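This briefing is meant to be read with the sequence and the structure side by side. Please look through both before going on to the notes that follow.

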Amino acid sequence: MSASKPTSSTTPEVSVVIPIHNEEAILVESVVELCEGLDVLGLDYEVILAENGSRDRTAELAAGLVASMPRLRTLSIGTPNYGGALREGLRVARGRFVLCEEIDLCDLDFHRRALDLLRGEGDAIGEAPDLVIGLLNALCVKVAANFTKYIFMSSFFEVRFHDFHGAGF
């Protein structure tokens, strides 16, 4: 695994972890748009591009972006494994809050709303949650239900699961 070095010793408020695989066609535009949006929101952030075994120029383009964007970091696990890339991105994230994202779905409004909740702002209960999950459709509901089942089973029965992305659930 290779990784770019952090740009500063300070801890950003937010780390955005994005597994990338064969994203040559959309990577540069998507990352620039995401970072510009995060800047507009006034966030102290880092974006971690977690490359996993791309056969196109994804890793090369990511390295080029890092050279010109100080809040951007990249790593490569070298094999096509979405879950492994996500796990490694989470491991190296330095932010107080971590957002997991898809390069082709970056939703700045969700980021803003999730961060408000995580900070304890705008939460009807008055207590900040530990986890915020955004759901797009029925498949996401199934994944969220499976993740919840994993948390319950692993917490109470010490059972280890494997998810369909290889994240080790």
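I103 is buried, since its relative accessible area is 4%, and this residue is found in the loop between strand 5 and helix 4. The model shown here is a predicted one, and the points below are grouped by topic, starting with the overall layout.

**Overall layout**

- The protein is built from five helices and five strands, and when these are read along the sequence they follow the pattern β-β-α-β-α-β-α-β-α-α.
- The protein has 169 residues, of which 36% count as buried.

**The largest nonpolar core**

- In soluble globular proteins, nonpolar side chains tend to be buried together.
- The largest nonpolar core of this model holds 24 residues, and the members that touch the most other members are V16, I18, L27, V31, V47 and L49.
- Two or more residues of this core come from each of the following elements: strand 2 (14-20), helix 1, strand 3, helix 2 (58-68), strand 5 and helix 4.
- Helix 1 supplies the largest share of the core, which amounts to five residues.
- V47 lies in strand 3, and with a relative accessible area of 0% it is classed as buried.

- Side chains of opposite charge can pair when their charged atoms come close.
- Is E46 buried or exposed? With a relative accessibility of 1%, E46 counts as buried, because buried means under 20% relative accessible area.
- Another salt bridge is formed by R112 and D116, whose closest N and O atoms are 3.6 Å apart.

**A patch of negative charge**

- Which residues gather in a patch of negative charge on the surface? The patch is made up of E29, E33, E36 and D39.
- E29 has its place in helix 1 (residues 27-40), and this residue is exposed, with a relative accessible area of 61%.

**The loop between strand 2 and helix 1**

- N22 is found in the loop between strand 2 and helix 1, and it has a positive phi of about 50° although it is not a glycine.
- The relative accessible area of N22 is 35%, which means that this residue is partly exposed.
- E23 has its place in the loop between strand 2 and helix 1 as well, but E23 is buried, with a relative accessible area of 18%.

**Residues apart in sequence, with their distances in space**

- The C-alpha atoms of V47 and T74 are separated by 8.2 Å, while the two residues are 27 residues apart along the chain.
- E23 and E51 are 28 residues apart in sequence, and in space the distance from C-alpha to C-alpha is 9.3 Å.
- I103, the loop residue with which these notes began, is 74 residues away from E29 along the chain, and the C-alpha atoms of the two are separated by 10.0 Å.

Key
Residues are numbered from 1 along each chain as its sequence is written. This is a predicted model: local features need pLDDT of at least 70, side-chain atom pairs count only at pLDDT 80 or more; totals for chains, interfaces and linings use all residues. Side-chain values use heavy atoms; hydrogens and water are left out. Buried means under 20% relative accessible area, exposed over 50%, partly exposed in between (1.4 Å probe, protein chains only). A salt bridge is a side-chain nitrogen of Lys or Arg within 4 Å of a carboxyl oxygen of Asp or Glu. Patches are made of residues with over 30% relative accessible area and no salt bridge: like charges are joined within 9 Å, nonpolar side chains (Val, Leu, Ile, Met, Phe, Trp, Tyr) within 5 Å. Accessible areas come from the Shrake-Rupley method with a 1.4 Å probe; for residues, only the protein chains shown count as cover. Lys and Arg count as positive and Asp and Glu as negative; His and the chain ends are not counted. The place of a charge is taken as NZ of Lys, CZ of Arg, CG of Asp or CD of Glu. Helices (H or I, at least four residues) and strands (E, at least two) are DSSP runs, numbered from the N terminus. A nonpolar core is a set of buried Ala, Val, Leu, Ile, Met, Phe, Trp, Tyr and Cys residues joined through side-chain atoms within 4.5 Å.
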